[in-house]
Amino acid sequence: MIVVKGLNKSFDNQHVLHDISCTFRPGMNNLIIGQSGSGKTVLLKCLIGLHTPDSGQILANDLDITQLSDKQMKTFHRQVGVLFQGSALFDSMTVAENVAFPLVMFSNKTVREREERVRFCLDRVGMSQAHDKFPNELSGGMQKRAAIARAIAMNPKFLFCDEPNSGLDPQRSILIDQLLDDITKEYNITTVINTHDMNSVLGIGDTITFLSKGRVEWVGTKNEILKQKESPTLQDFIYASPILQSFRPKTV
Amino acid sequence: MIIADQISSFGSYVKLMGRVFTRPDRFKLFAKSTVREYNSLVIDSIGIVCLISLFIGAVCCIQIQSKMFSPLLPRYTLGFTTREILILEFSSSIIALILAGKVGSNIASEIGTMRITEQIDALDIMGVNSANYLILPKIVALVLGMPMLGIFSIFLGLIGGGLIAQLFGTLPISDYIYGIQSFFEPSSVWYSLKKCLFYGFLISSIASYFGYTVKGGATQVGKAATDSVVITSVMVLLWDIILTKILI
């Protein structure tokens, strides 16, 4: 579980995150949604430890990651899997080598055990046929799946995904969402997904945190989001899609 | 303001080098990366180094021969002077300037592209010291490889000079070879190799710094590659003076 308490972050004189408090639970898809520039990516990077917040706490299984030394942060990072917006596969390595990389660096597995783990992870994401391919030979969706395989190779406790559906068609997006949902539930991972894709929100949003101008404006679930009337900004965000516009409550 | 920026950049460079020169997480992987970098940065540069050295030697020989009017000068002076110029200056500094362009831009753009495509962030999040993993093998490969390229350059430069002397018929090859061997001091070769070692470090570390600190997109990667070539070239020339003063 990740608990965020009173998090603030600014760059130069620009205050990006204002007193953020929220909870991300294990075995659930915890979605952070919001318009572009609302602070989603900065919050995600704070959670991962790529940005140091100005104040506040981030408790990952009761460990405050804002207070960790470099060495402790390295140890924490070994419990973390990250799916980047552009996949971030190492382009000088094959898909199998990408998945094996964290195992080579940080596990004491034998070559055979590593190969087995790589095969298992690639099978799990339906990518066993791409074992020896290089990232530039794969489609966007396949790159995302290979990146998920790499992210789960070390059995992470936390999985962070930055816009996992960006650049994918709706069908591929649903497949990626389904895959993330399956992995989260199967391995009881605390998954935090940064997105502005309403299909993902309504499909896999076990908990949803809506950010607006760097503040938490609404917290709920996929079943509650369409019914909520407290936040006009969230309503504008949800019903911006022409398909959903007809469902907008008339009272607002 | 510009001076403050330069001091700040130098501070960032020193901090980055502090992260680079740490113990690799996996020595076997480091050794493998170093061999790969040696192949791509050094072995792949042998062709261009040989070609340019051949021409530099030839031009040196033509220039010296065209200025040798005095009948009091012994004929072997041509070989002797060509050798001295190549060993003391051209084979280290000129080759370093060429590699600053070829290898430096390659390193800066490779690491810069990894930065903008979040591959470096991915390494950091896995708990890998990305600076050490990516940059140290390049520095070790080039520091080890530059002296070898320097030796190649000296030999090819001397061969270029000999070919010109032979082709133009201005000097029998035996006199040229005698000139090459005259008053030879092995210490001058060591001097040249020490400069090569240092230039290898300068080229790889400065180019890596520019690539590693890229922010933005493809345009910034291109700019970083260009900046790295310019700054490395200036540093090579500046350190040429300093090293000459220290080592002579």
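Two strands pair if DSSP finds at least two bridges between them; helices (H or I, at least four residues) and strands (E, at least two) are DSSP runs, numbered from the N terminus. This is a predicted model, in which local features need pLDDT of at least 70 and side-chain atom pairs count only at pLDDT 80 or more, while totals for chains, interfaces and linings use all residues. Residues are numbered from 1 along each chain as its sequence is written, and chains are lettered from A and ligands numbered from 1 in the order in which they are written.

**Stop 1: the sheet of chain A**

Select strand β1 (residues 2–11) and strand β4 (residues 55–60) of chain A: they run antiparallel and five bridges join them. Asn8(A) is the residue opposite Ser55(A) of β4(A). Leu7(A) has Ile20(A) of β2(A) as its bridge partner. In the hairpin of β4(A) and β5(A), two residues lie between the strands, and Asn61(A) has a positive phi near 50 degrees.

With these strands shown, the open sheet of four reads β2-β1-β4-β5 in order, with antiparallel pairing. Its edge strands, each pairing on one side only, are β2 (14–24) and β5 (63–64) of chain A.

**Stop 2: the domains of chain A**

Colour domain 1 (2–79 + 158–245) and domain 2 (91–155) of chain A separately; such bounds come from an automatic or database domain assignment. Their C-alpha centres are 25 Å apart. Eleven residues from domain 1 of chain A and eleven residues from domain 2 of chain A form the contact, where two residues are in contact if their C-beta atoms, placed from the backbone, lie within 7 Å. On the domain 1 side, select helix α6 (residues 170–187) of chain A, which gives the largest share, six residues. That side has eight nonpolar, one polar and two charged residues. In this grouping Ala, Val, Leu, Ile, Met, Phe, Trp, Tyr, Cys and Pro count as nonpolar, Asp, Glu, Lys and Arg as charged, and the others, Gly among them, as polar.

**Stop 3: between the chains**

Show both chains: 15 residues from chain A and twelve residues from chain B make the contact. On the chain A side, α2 (70–77), β6 (80–83) and α3 (95–106) each supply at least two residues, and α3(A) has the largest share, four residues. The chain A side comprises eleven nonpolar, two polar and two charged residues.

**Stop 4: two helix pairs in chain B**

Select helix α3 (residues 46–67) and helix α4 (residues 77–116) of chain B, which pack at an angle of about 140 degrees with their axes 9 Å apart. Axes are lines fitted to C-alpha atoms, for helices over the stretch in contact, and angles run from 0 to 180 degrees between N-to-C directions. α3(B) and α4(B) are therefore oblique to each other: angles under 35 degrees count as roughly parallel, over 145 as roughly antiparallel, 65 to 115 as roughly perpendicular and the rest as oblique. Contact residues include Ile52(B) and Ile56(B) of α3(B) and Ile85(B) and Phe90(B) of α4(B). The contact residues comprise 14 nonpolar, six polar and one charged.

Finish with helix α2 (residues 27–42) and helix α6 (residues 130–167) of chain B, packed at about 45 degrees with axes 8 Å apart. That angle makes α2(B) oblique to α6(B). Among the residues that meet are Phe30(B) and Tyr38(B) in α2(B) and Leu144(B) and Met148(B) in α6(B). This contact has twelve nonpolar, three polar and two charged residues.
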